[in-house]
Structure formats: structure tokens, C-alpha cells
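User: I would like to learn how to read a few features of a structure. Please take them one at a time.

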Amino acid sequence: MTHLLHRSIKARLPVAVGGKGIEIFDQEGRTYIDASGGAAVSCLGHSHPDVLAALHDQLDRIAYAHTSFFTSDVAERLADRLAADAPEGLGHVYLVSGGSEAIEAALKMARQYFVEKGEPQRRHIIARRQSYHGNTLGALAAGGNEWRRAQFKPLLIETHHIDPCYAYRLQEPGESDEAYAARAAQALEDKIVELGADQVIAFVAETVVGATAGAVPPVADYLKRVRTICDRYGVLLILDEVMCGMGRTGTLHACEQEGVAPDLMTIAKGLGGGYQPIGAVLLSDRIFDAFASGSGFFQHGHTYMGHPMAAAAALAVQEVIRRDNLLQNVRAMGMHLSRRLNERFANHHNVGDIRGRGLFQAIELVTDRSTKAPFDPALKLHARIKQEAMANGLMVYPMGGTIDGRLGDHVLVAPPFIAAPRDIDAIVERLGDAVDAAI
Ligand code: PLP
């Protein structure tokens, strides 16, 4: 009997007692390859000496000072680093404790921006189905994962969901990428027009969809078209890179590969690599200027925002990634992972799609490749794969499909950026065994 309320009350979890590099060790002496970085968090693996040293150093200086009284050198330096590497025009940084907090802050910044500008009638948020933006109420309202939302719906602010850009299931046979990108983006324009262009605050989307659909990249030009539509109607674009950002797809920000810069961008997970809880909103000069020349403040705040220990961890993680040229390794190992996944699964009867970018890849499972029919969600195939993988010393991130058959069970693979070819080979071999054992 435990007094700790776990995510699942029935699950009996191994006790993690240590970690080194890409491995985690449990109390029973078992070793697991962390092939999902937890949930795409542990980008440097575990117990990285440089991050531990930075944390010790910060702890010796000061662990905490409330941000309504003080700033800290380390938070300022982290903001400088993030602003210097940000997409065009995103020169300001708001530090929070995780991904959901970042989304909440971004939504409120977007709303306050229009209040400052004298457009307080703007009240609608548009987001996408099969998305995930976090579990707090605002973030859950924006998210399009019906399973997570269902029982909390009466508490959620109204959000308008359009179809995602999800080529495997939503691109019509024979439809070119260009035509599909135009059609998927048109859904946004139609929704803005339906709601009234001067009533809409923002469109929020994951650049590469993570937890709900499994490493789904946009087709070429989709986000460029989205950017154009947002600009046409004065709607803000919020890109959620909590999972896909901070190097995971091979560039620091996933939107770099789309040639698009949002007005607000959320980051977390890989920002601090799990060494401390931290997230951030990167905001445009335009939004900052509206606050600066208006009320002079952002009406928001959390006790632990800009926490010096969290900032120290993130700064160290980001410096190691840069110093050790790890984005290059993400690109090289991403290609290796894609090759291996294709070798193992391209002809697998139950693998319908293999997709992703960099070290952010997934397989989607189907009962039949020709019909793309997903497994019955009641079978909980994803949970069985997770169980088989753990029994075989592998951590991957499987998620269930949807009841309406618009998405199959899928498995996300997101190893640390330090992974070597032999690690990738072991991950794919164990994943293949787990999939075969579970089906
Ligand atoms: N946004 C995205 C895209 C995510 O994947 C997640 C978490 O998985 C969140 C937001 C929420 O982040 P957190 O769990 O840190 O609150």
C-alpha cells in the first residue's frame, strides 16, 4: 500500500534508483534503455556530469528568490541564450515550470495582447483535433485528445477544433502534398471566417504532433499557409514545441524546418532535460511592445517562475548541446533510426506508418495495412507493448488510438541526443520483439 497517488492506481511500478547515459536502473537491479527520454524529456540522458556540476554550483549560491522581488543572473543568462537562438522576432522569454504552464501563459498573453490593443472582443481560440497541449484546464481545453478531455468538458473554456495536418489518415488517395496542405490550412481560414475574423485570438498547434498522434510532421507548406492565414486576419499563431522542440527534430526549433516563425512559442521538456522542471514561452517583440507601451506588465505569474535551480539546469543542458554539437548527432542518429525502423517494420503486417523527424519518430499500428483499420482501443495494444518493452529492458512511449478509428495505437521513440548507432540498433530490435509479442 502506497500513500502516493500514482497515475494508475493499479499499476505496480519499478522503483528507479539510478540512471547513467541512456539507461535507468531499478531497485531490483534491472536496466532499461530510455528510448523515449521519459516523455521526450531526457535529451542528455541521465546524470550528465556538467549539468550536475551546474546544479551544485547554483545550490551553493542561492536556490530560490521570488521573482516579484529579485531577478537572478542565471535566469537572465538563460533568457539571453534562448532569445539569441529563437526564431526571427521572438526576442522575449517568460520562464515557467513546465509545458502546461507555458501553454496557459501563452493563451493568456495572446488574450492580453488584444486587450492592450483595444480589441477586447476577441475571445476564440482555435486548435486541432488529435493534439495535446497539457493537462491544466486551459491547456486541456486547447488540446484535442477526446479521451483526456471527456470527463472534464463541463469545466473547459470553449475551444474550436479543426482537423490536424495528418497525411497518413487524412490525405486523400491521389491528392498531392500541395493540394493537401492547402486543404488542411483552408480548414483554419474557414473556421476563422465562421467565428468572425475580429473575434479570434489565436490558433494553437504543435509543429510536429507528439503525445496524442505520435510524431506527425506537417506536410510541406502547411504551416506557411497557416502563417499567411493568421496574418490575413490578425490572428496570433502559437506553436507548441513543448515536446518536439529544443533540438528533438534535429534543429533547435522544429518550426525552423518549416520556414515559419510563430508569435508565441512554448517549450519545456528538452529545455531542462528533466534535471529540473522548467518551461518557457518565447514571445514576439510585437506582443512585448504592446504590454510595454500599455499596462506595463503581464497579468500572470507563478511562485516558481524563473526558478534559479531550474534556470541553471536548462542553461547547462543547452550549453552542453551546443558545445558537443549534439544537434548534428540528432540528425545523424535520426536518419539511422528511420532506416532501422523501416528495415524492421516497413513490411510488417501491423505497422501502417513510420514517421517523424530527427530523434522523434513513431510507428502507427493497424490490423490491416491496406484498410488502415486501427486495433480496437479496448484491446489496449499500446499498454501491452509498453509492458512487453519494459519486461525486455526498453522504455518507449506508446499511446492508444481513437474510438472513431481516426488514429491507431502508436509508439513514440525519442531517445536522448547522445544515443550512438549501437543504442539505436538495440532500441529497434527490442521494440520489434515487444510489438510482435504484444499483437
Ligand atoms: N504541450 C505538448 C505538445 C506536450 O507534449 C505536453 C506534454 O506532453 C504539454 C504541452 C504539457 O507539458 P507538461 O506535461 O510539462 O505540463
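User: How many helices and strands does the protein chain have?

Analyst: In this predicted model, the protein chain has 14 helices and 15 strands.

User: What does the radius of gyration say about the protein chain?

Analyst: The value is set against the one for a compact globule with this number of residues. For 439 residues that would be near 22 Å, and the protein chain has 21 Å, which agrees. Along the principal axes, its C-alpha atoms fill a box of roughly 60 × 60 × 45 Å.

User: At what angle do helix H2 and helix H11 pack?

Analyst: H2 (residues 49-61) and H11 (residues 308-323) pack at about 150°, and their axes are 9 Å apart. Angles over 145 degrees count as roughly antiparallel, so H2 is roughly antiparallel to H11. Their crossing is right-handed.

User: Which residues of H2 and H11 meet?

Analyst: From H2, Asp 50, Val 51, Ala 54, Leu 55, Gln 58 and Leu 59 take part. Their counterparts in H11 include Pro 308, Met 309, Ala 312, Ala 313 and Val 320. By class, the residues of this contact between H2 and H11 are 12 nonpolar, 1 polar and 1 charged.

User: Which residues come nearest to the ligand?

Analyst: There are 15 residues around the ligand, and Gly 98, Gly 99, Ser 100, Gly 134 and Val 242 come nearest. Helix H4 (residues 99-116) gives the largest share of the shell, 3 residues.

User: How does the shell around the ligand divide by class?

Analyst: The shell has 7 nonpolar, 6 polar and 2 charged residues.

Note on methods
Residues are numbered from 1 along each chain as its sequence is written. This is a predicted model: local features need pLDDT of at least 70, side-chain atom pairs count only at pLDDT 80 or more; totals for chains, interfaces and linings use all residues. Axes are lines fitted to C-alpha atoms, for helices over the stretch in contact, and angles run from 0 to 180 degrees between N-to-C directions. Helices (H or I, at least four residues) and strands (E, at least two) are DSSP runs, numbered from the N terminus. Angles under 35 degrees count as roughly parallel, over 145 as roughly antiparallel, 65 to 115 as roughly perpendicular and the rest as oblique. A crossing is left-handed if the near helix is turned anticlockwise from the far one by less than a right angle, and right-handed if clockwise. Two residues are in contact if their C-beta atoms, placed from the backbone, lie within 7 Å. Ala, Val, Leu, Ile, Met, Phe, Trp, Tyr, Cys and Pro count as nonpolar, Asp, Glu, Lys and Arg as charged, and the others, Gly among them, as polar. A residue is near a molecule or strand if its C-beta atom, placed from the backbone, lies within 6 Å of it. The radius of gyration is taken over C-alpha atoms; the globule rule is 2.2 Å times the number of residues to the power 0.38.
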